[in-house]
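Open the model in your viewer and keep the selection tool at hand. The tour moves from one selection to the next and says what is there.

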Amino acid sequence: MNNAIDFTKTPVTEVYGSNCFSNAVMRERLPKNIFKEILAVQAGEKELTLEVAEFAAAAMRDWALSKGATHYTHWFHPLTGLTAEKHDSFISPTADGRVIMEFSGKELIKGEPDASSFPSGGLRATFEARGYTAWDVTSPAFLKQDLTGTTLCIPTAFISYYGHALDKKVPLLKSLDALSTEAIRVLKALGNETSKRVITTVGPEQEYFLVDKQFYDQRPDLILTGRTVFGSMPAKGQEMEDHYFGALKERVSIFMRELNTELWKVGVSAKTQHNEVAPNQFEIAPIFTTATVAVDANQMVMETIRNTARRHGMEALLHEKPFDGVNGSGKHNNWSMATDDGVNLLEPGENPESNARFLLFTAAVVEAVDRYALLLRASAASAGNDHRLGANEAPPAIISIFFGGPLTEIFDNIADRKTGTKTGGAHRIKLGVTSLPTLPVDVSDRNRTSPFAFTGNKFEFRMVGSSQSIATPNTYLNTAVAQVLSEFADTLEKAKDKNTAIQDIIRESYSKHRRVVFNGNGYSEEWVLEAERRGLPNVRNTVDVLPVMTQKDTVALFESHKVLTKDELESRYHIYLEKYSKQINIEAGVMIDMARRSIFPAVSSYAGDLAKDAAALASIGAVSAPQEKRAKRIAELSAELYDETAKLEKVLEEAQVVEDAFAQAKVYQEKVIPVMDGVRSRADALEKIVSKCAWPYPTYEELLFKL
Ligand code: ADP
Ligand code: MG
C-alpha cells in the first residue's frame with residue numbers, strides 16, 4: 001500500500017469518504033424508498049425492518065467487495081473503553097466446491113460475537129456467554145485497510161442475551177433520545193412547531209505524544225502501561241514553551257499528512273493539527289458532528305494515530321500522563337445541542353425569541369453541571385486521568401463553569417432582578433422580555449483553566465482523558481441536561497404567560513446553581529478554598545468518585561430517562577473499579593520488575609566500579625574522595641530502592657487478595673500508590689547521579705526531545 005497520495009491527481013474531495021459507506025453512497029446504491037426508510041431509522045422515527053436490512057446488506061457487501069474487502073466485522077465499544085471486532089469473511093461455500101460472497105440482512109442487523117471475556121460486571125453469567133451486536137444505523141460503516149487486505153467495519157451496539165447494555169454505545173444512543181425528547185418539549189413550549197428532533201453535536205480535540213520506536217521498545221513500562229513509571233526530568237522541560245504551536249518537525253509533519261489522509265478516507269473530518277504544550281506532544285481535532293458519529297470517529301482517530309505512528313518508526317502514547325513533570329494529555333469534548341433543522345441551541349441569536357431560547361438552554365446546562373457535578377467528574381475518572389485531575393495540572397478536579405464576564409453579568413442580573421447592565425458595547429441583541437437585559441454578541445472570551453467552559457456557542461468539557469472513549473462523558477452530560485430540560489418543560493407547558501415563566505425558570509435555576517460558575521484561575525490555591533466555601537465537590541481520585549454511579553439520585557436519573565438500569569450502573573461501577581485496580585496492579589508489577597531486574601543490578605555494579613576506582617586511585621596516592629562519596633550515596637539510595645521495592649511487593653500482595661472490588665481499589669489507591677511513589681523517587685534520584693552508560697533505560701531526554 002503506497003500511502004503517499006498525489007493530491008494534484010486525486011483531489012482531497014475524491015479521497016474524502018472513499019472508504020466510508022456514507023449516506024451519499026447509500027443514496028447512490030439503494031432504491032429510493034429504501035434509502036428514505038434508512039433516513040427515517042437514523043432520525044429515530046422508524047424501526048429497522050429485515051427487508052430494509054437486506055437491501056442495505058447487499059449494497060454494503062457490493063460496495064465493500066468492489067473495494068477489495070474479504071471480511072466484515074461488527075465493530076463495537078465494550079466497557080474496556082477500546083473498540084472490539086471479530087472478523088468474518090464473506091465466503092459461503094457452494095455445493096460444487098467453490099464459494100460465493102454473501103452478507104445477509106440478518107448478519108448486518110445482528111451478530112453474535114460470543115464475547116464472553118469482555119467485562120460484563122456480572123450482567124452475563126458465564127454459562128450464558130452470548131452477547132448480541134446490533135447495527136447502529138446512525139453511524140456509517142467504513143473500511144479498514146492494511147497491507148494484507150480490507151475489512152468492512154459495521155458500527156454496532158452490544159447487548160446481552162437478556163437485553164442489558166454491555167457497551168458504551170447503547171446508553172449513548174438512549175441518552176441522545178432522552179435529550180431530544182426533553183429538548184423538543186421545551187422548544188414546543190416556546191412555540192417552535194418545526195423541529196422534530198434535537199441532536200447533540202460533539203467535536204473532540206485529541207492530544208497525544210509521539211516517541212521514537214527504538215526508545216519505546218526499550219521501555220517495558222511504556223510497552224505494558226502506556227506511561228513511564230520511572231524517569232527524571234532532563235535539564236530542559238516544557239518551561240520554554242517553545243513547542244506549543246511551533247513549526248512541525250518534518251518527520252511529524254509527514255506522519256500527520258498520512259494520518260489526515262487515512263482519516264479522510266474513512267470520512268473522519270481531520271481539520272486542525274498542531275504541537276501541544278509539552279515536548280513531543282501534539283493535537284488533532286476533527287470538525288464537530290453528531291454525537292454517535294463523533295464517538296466512533298474518535299475511536300478511529302486514536303487507532304489511526306497509533307497505526308500510522310508505527311509505520312513511521314514511532315509509537316503514539318495516548319495515556320493521560322506518560323511523563324512525570326510535563327503536561328499530560330486530555331481530550332476537549334466540545335458539546336452543543338442543535339435542532340434537526342439546523343439551529344444551534346447554545347448560539348446567542350439575533351432576535352428576542354432566539355435569545356430567550358439560548359438563555360433557557362444555557363441555564364439548563366449550568367443547572368445540570370452543578371447538580372450532577374460528581375457524575376461528570378466520574379465520567380472522566382480513570383487511573384491515568386488521576387495524574388491530571390487534582391494533581392497540579394489542568395484542569396482541576398473541581399467541576400466549575402467558565403462563562404466569561406458578559407454572560408455572567410447577564411445571568412447575574414436576571415437572578416438579581418436587575419434591569420440595567422454595566423456591560424457597554426455596540427454589539428447588543430435584544431431579548432423578548434423587556435425586563436431582561438440585552439445580550440452582547442461576543443461572549444466567547446477564553447479561559448484555559450476551566451474544566452467546563454462556554455466558548456461562544458458550545459461548551460467545552462476539558463476533564464476527559466486522552467485515552468478514554470468519549471461515549472461515557474457525553475452519555476452522562478446528555479442525560480443530566482435531559483433531566484433539567486424535562487423539569488423546565490413541566491413548568492413551561494403549564495405556564496399561562498410564557499414570557500414570565502421563562503424569566504422565572506432562568507432566575508430560579510440560576511440563583512440556585514450560579515455557585516458553579518467561576519471565571520477566575522482554576523489552577524490557583526484560592527479557588528480550591530473558594531470552591532470549598534461554595535460547597536462544590538473536589539474529588540481528586542477515581543476510587544472516591546466512582547461510588548456516585550450507584551447512588552440513589554444517579555439511579556433515579558438514569559432510570560427515569562431509560563438510559564441505564566440500576567443493574568447496569570452497578571455492573572459498570574464494578575467494571576471501572578476493577579479496571580482501576582488492574583491498571584495500578586500492572587504498573588506496580590512493571591515497577592518491581594524494572595527496579596529489581598535492571599535498575600538495582602545496574603546501579604550496584606556501577607557503585608562497585610566506583611568503589612574499585614576509588615581504591616585504585618587511593619593506592620597510587622591520588623584523590624579518591626569524590627568516587628568514594630558517590631559510591632556511598634549510590635549504595636545508600638540502592639539500599640533504599642531495594643527496601644522500597646520489597647515493600648511494594650508486599651503491599652501489592654495484600655491488595656491482590658482483597659475480594660471486594662471497592663475495598664481492593666481503595667488498597668491500591670491508599671497503600672500501593674504511595675509506595676510506588678517511594679520506589680520511583682529513589683530510582684529517579686539514582687538516574688541523576690549514575691553514569692549515562694550505566695543507566696539501563698532510555699531517558700526522558702531521548703523520549704521527549706528526539707524524533
Ligand atoms: P480550541 O483549541 O480553540 O478549543 P479547536 O478549533 O481546536 O478550538 O477545536 C474546537 C472544536 O470544537 C472543533 O472540533 C470544532 O469542530 C468543535 N465545535 C465547533 N462548534 C461546535 C458545536 N456547535 N458543537 C460541538 N462542537 C463544536
Ligand atoms: Mg479546546
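Start by colouring the protein chain by domain: the domain assignment gives domain 1 as 12-167, domain 2 as 176-564 and domain 3 as 577-705. Keep in mind throughout that this is a predicted model.

**Where domain 2 touches domain 3**

Select domain 2 and domain 3 together. Their C-alpha centres are 39 Å apart. The contact draws on 23 residues from domain 2 and 27 residues from domain 3. Now look at the domain 2 side. Two helices, α8 (220-225) and α17 (542-545), each supply at least two residues of the side that touches domain 3. Which helix gives the largest share of that side? It is α8, with 4 residues. Colour this side of domain 2 by residue class and you will find 14 nonpolar, 7 polar and 2 charged residues.

**Around ligand 1**

Select ligand 1 next and show the residues around it. There are 17 of them, and those that come nearest are T201, G203, F288, N334 and S336. By class, the shell around ligand 1 is made up of 6 nonpolar, 8 polar and 3 charged residues.

**Helices α6 and α10**

Select residues 169-189, which are helix α6, and residues 291-311, which are helix α10. The two axes come within 10 Å and cross at roughly 155 degrees. Because of that angle, α6 is roughly antiparallel to α10. The crossing is right-handed. To see the contact, show L172, L173 and L176 on α6, then A291, T292 and V295 on α10. These contact residues divide into 5 nonpolar and 1 polar, with no charged residue.

**Helices α11 and α14**

Move on to helix α11, residues 352-371, and helix α14, residues 471-494. Their axes come within 8 Å, crossing at roughly 125 degrees. The two helices are therefore oblique to each other. The crossing of α11 and α14 is right-handed. Which residues of α11 and α14 meet here? On α11, show L360, A364, V365, E367, A368 and R371; on α14, show A480, V481, Q483, V484, L485 and F488. Sorted by class, this contact of α11 with α14 has 9 nonpolar, 1 polar and 2 charged residues.

**Helices α20 and α21**

For the last stop, select helix α20 (residues 625-656) and helix α21 (residues 661-689). View the pair from the side: the axes come within 9 Å and cross at roughly 165 degrees. So α20 is roughly antiparallel to α21. Is the crossing of α20 and α21 left-handed or right-handed? It is left-handed. Colour the contact residues of α20 and α21 by class to finish: 17 are nonpolar, 4 polar and 8 charged.

Conventions
Residues numbered from 1 in each chain as written. Chains lettered and ligands numbered in written order. Predicted model: local features only at pLDDT ≥ 70, side-chain atom pairs only at ≥ 80, totals over all residues. Domains from an automatic or database assignment. Contact = placed C-beta atoms within 7 Å. Nonpolar A, V, L, I, M, F, W, Y, C, P; charged D, E, K, R; others polar. Near = placed C-beta within 6 Å. Axes fitted to C-alpha atoms, helices over the stretch in contact; angles between N-to-C directions. Parallel < 35°, antiparallel > 145°, perpendicular 65-115°, else oblique. Left-handed = near helix turned anticlockwise from the far one by under 90°.
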